[in-house]
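Reader: Could you walk me through this one slowly? I would like to start with the strands and then move on to the pocket.

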Amino acid sequence: MTSPKSAVSDMPEEIFSFAGQVVHLRRKRIKNMYLRVRRPDGHIEISAPLSMERAQIESFLQKNSAWVQKKQQVLRERIVQQKLTCQYLTGQKIMVWGTPCELVVRRTKGREASVCRKGERILLTVPDYATAEQRRDIVNGWYRQQLGVVIPKLLSRCENIVGKKAAECRIRNMKTRWGTCNVIKARVWLNLQLAKYKPEALEYVMLHELTHLWVPNHGPAFKARMDKYCPDWRRIRKELNENADFS
């Protein structure tokens with residue numbers, strides 16, 4: 001049976017228009033308002049106290065309109081850059097362990113394809129007929145290899161920190177998540193796109209998923225353990241999400 005308290009705290013999302021934009025409003029048992037600009041379309045989300053009047057919420061939006069517009073512009077520019085990068089052409093930049101590397105595409109008349117790193121350059125050798133999607137798949141395969149080298153040693157270290165062991169740890173190309181954990185089977189999945197970011201991001205995600213073997217949700221007990229296992233996890237999560245590229 002649902003208690004009156006939990007029923008009130010689980011209010012449905014409200015959607016309204018403000019200054020020509022759609023705003024998603026969630027009322028919660030909190031004291032302050034929180035404003036976010038969400039990927040991928042830059043829509044506005046607000047968390048507000050249960051009893052707060054709409055006029056107060058709209059005033060808050062008005063005061064922060066410049067910040068919202070700046071965030072939305074950054075998202076638009078990032079989408080344009082990601083579309084260009086997705087062509088995988090010589091001169092474009094791709095990220096490897098947090099370092100922007102120049103892509104150099106070399107053509108071969110054969111059918112073999114390869115990727116190798118030379119300092120801050122990535123050499124991508126592909127057949128003449130390779131499409132942008134095929135070049136992307138080849139680079140993603142290389143990212144998978146990079147993770148495959150790093151994960152075993154890192155997993156052992158993270159397991160020692162958390163005090164739980166994963167039955168297995170696999171790599172998957174995910175579009176919206178950095179990792180997942182099946183707490184019943186103790187199976188951890190990591191996003192292969194993590195090879196684009198600083199090694200600390202991979203470690204944070206691994207610690208995050210292993211911590212779910214203690215606490216299946218993201219409540220206070222989970223956060224307390226993350227504070228212990230990875231004291232800087234909030235900063236790393238923020239930077240990772242702000243620069244997220246799942247392409």
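**Strands, helices and a pocket**

Author: Strand 5 and strand 6 make a hairpin with 2 residues between them, and Trp97 in the turn has a positive phi of about 50°. Helices (H or I, at least four residues) and strands (E, at least two) are DSSP runs, numbered from the N terminus. This is a predicted model, in which local features need pLDDT of at least 70 and side-chain atom pairs count only at pLDDT 80 or more, while totals for chains, interfaces and linings use all residues. Residues are numbered from 1 along each chain as its sequence is written, and side-chain values use heavy atoms, with hydrogens and water left out.

Reader: How many bridges join strand 5 to strand 6?

Author: There are 4 bridges between strand 5 and strand 6, which run antiparallel, and two strands count as paired if DSSP finds at least two bridges between them. Ile94, for instance, has Cys101 in strand 6 as its bridge partner.

Reader: What is the strand order in the open sheet of 4 strands?

Author: The order is 5-6-8-7, with mixed pairing. Its edge strands are strand 5 (93–96) and strand 7 (114–118), each of which pairs on one side only. Inside the sheet, strand 6 (residues 99–108) and strand 8 (residues 121–127) pair in the parallel sense over 7 bridges, and Val105 stands opposite Leu124 in strand 8.

Reader: Which helix packs on that sheet?

Author: Helix 4 (residues 132–162) does, touching strand 5, strand 6, strand 7 and strand 8, and its direction makes about 130° with that of strand 8. Contact means heavy atoms within 4.5 Å, and angles run from 0 to 180 degrees between N-to-C directions, with axes being lines fitted to C-alpha atoms, for helices over the stretch in contact.

Reader: What about the sheet of 3 strands, what order does that have?

Author: That open sheet has the order 9-11-10, again with mixed pairing. Strand 9 (168–172) and strand 10 stand at the edges with a single partner strand each, so one side of each has no neighbour in the sheet. Helix 4 packs on this sheet too, touching strand 9 and strand 11, while helix 5 lies across strand 10 and strand 11, at about 155° to strand 11.

Reader: Changing topic, how much space lies in the largest pocket?

Author: About 1,800 Å³ lies in the largest pocket. Of the 39 residues that line it, the closest to its centre are Arg38, Arg237, Lys238, Asn241 and Glu242. On a 1 Å grid over the protein atoms alone, a pocket is an open set of points with protein on both sides within 12 Å along at least five of seven lines, and lining residues have an atom within 4 Å of a point.

Reader: Which element gives the largest share of the lining?

Author: Helix 3 does, with 8 residues.

Reader: Last one: is Met226 buried or exposed?

Author: Met226, which lies in helix 6, counts as buried because its relative accessibility is 0%. Leaving aside neighbours within four places in sequence, Met226 is in contact with Tyr204, Leu207, His208, Thr211, Pro231 and Trp233.

How values were computed. On a 1 Å grid over the protein atoms alone, a cavity is a set of points where a 1.4 Å probe fits but cannot get out, and a pocket is an open set with protein on both sides within 12 Å along at least five of seven lines; lining residues have an atom within 4 Å of a point. Grid points are joined across faces, edges and corners, and a volume is the space filled by probe spheres set on the points. Buried means under 20% relative accessible area, exposed over 50%, partly exposed in between (1.4 Å probe, protein chains only).
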